[in-house]
Amino acid sequence: MLPYQTLEEAAAAMGRNLTYAETLWFNYSADKSDYFLYCHNTILLFFIYSVVPLPMVFLELARVDRYKIQPKARMSVPEIFRSYRDTMLNIGIRTGLPLPSVWEVLAQLVVYFIVEDYTNYWIHRFLHTKWGYEKIHRVHHEYTAPVGFTALYAHWAEIWVLGFPSIFGPAIAPGHMITYWLWMALRHIESIENHSGYDFPWNPTKYIPFYGGADYHDYHHYVGQHSKSNFSPVFTYCDYIYGTDKGYRVQKRLFQKMKDEMKTGGDQNGGSYHNSTQDLKSD
Ligand SMILES: [Zn+2]
Ligand SMILES: [Zn+2]
């Protein structure tokens, strides 16, 4: 969506008249959201895959073999139509009956979460290198105290790259479309909860072994660019095994100590809370 209401306003902001192409673009995109414009990719690709192969298909049907690489390989009209249908309609995920059992779904979801967590851990560590952070990951870290809506707030390249860990699991252990929907829903709900900014003691996720949760990821955002802690998106064991949770654990101990002191010593520790957390920002 363009931040101008009229062509005149856009021209004034740019300090010159718009070109013909820019005028066309303004007229088309000015009142459409960025997300809607992005969704054009799907329609564009559908159109390209439907139209671009057509000239060669006509040559195939007309038996014009002069430039054909494998002249003996012939396809009939039904075979060509089937290849188009298989490409455009079949995405390789099972949709038929019988539906998977609850145990099959649960087992696959566990695999998907473990694969996602491990792969995402290393990509996230790469994004905290100097190049990765400055070029890509700093966008996601603009929010040092995130809220649920910021779960997907990131550079487009980060969203693209972090899509791969989400499909590795289904690629390794293919499931039904229902399982895939459930996986995508749970994965995003988990990410929204991680960025919610609230740590509820009655949250059912507290009963999942090695689960990080909002408190765990919130610390990563709180420290920001120089964070060397809490790279895992879901569980805590990768950070523990590779030694990247030290700052977080020190902070947890400090917070617990301060809570205990506040319980027993009244308000005498009121000033130390802020100072201690600030020190850990340089972790
Ligand atoms: Zn980060
Ligand atoms: Zn985050």
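**Domains and a helix pair**

Author: In this predicted model, the C-alpha centres of domain 1 and domain 2 lie 35 Å apart.

Reader: OK, and what residue ranges does the domain assignment give for domain 1 and domain 2?

Author: Domain 1 runs over 7–89, and domain 2 covers 102–244.

Reader: Let's talk helix packing. At what angle do H6 and H10 pack?

Author: About 45 degrees, with the axes 10 Å apart. H6 is residues 102–127 and H10 is residues 177–194.

Reader: So what do you call that, and why?

Author: Oblique: an angle under 35 degrees would count as roughly parallel, and 65 to 115 as roughly perpendicular, so H6 and H10 are oblique to each other.

Reader: Is the crossing left-handed or right-handed?

Author: H6 passes H10 in a right-handed crossing.

Reader: Which residues meet there?

Author: From H6, you've got Val105, Gln108, Leu109, Tyr112 and Glu116. Facing them in H10 are Thr179, Leu182, Trp183, Leu186 and Arg187.

Reader: How do the residues of that contact divide into nonpolar, polar and charged?

Author: Six are nonpolar, two polar and two charged.

Reader: Switching topic: which residues does the UniProt "transmembrane region" annotation cover?

Author: The UniProt entry, which is unreviewed, puts that label on residues 35–59 and 159–183.

Reader: What does the chain look like over 35–59, helix or strand?

Author: Residues 35–59 are 92% helix and 0% strand, with the end C-alpha atoms 39 Å apart.

Reader: And how far apart are the end C-alpha atoms over 159–183?

Author: There they're 17 Å apart, and that stretch is 80% helix and 0% strand.

Definitions and conventions: Residues numbered from 1 in each chain as written. Chains lettered and ligands numbered in written order. Predicted model: local features only at pLDDT ≥ 70, side-chain atom pairs only at ≥ 80, totals over all residues. Domains from an automatic or database assignment. Axes fitted to C-alpha atoms, helices over the stretch in contact; angles between N-to-C directions. Helix = DSSP H or I, 4+ residues; strand = E, 2+ residues; numbered from the N terminus. Parallel < 35°, antiparallel > 145°, perpendicular 65-115°, else oblique. Left-handed = near helix turned anticlockwise from the far one by under 90°. Contact = placed C-beta atoms within 7 Å. Nonpolar A, V, L, I, M, F, W, Y, C, P; charged D, E, K, R; others polar. UniProt positions renumbered as here; feature names shortened; annotations may be inferred.
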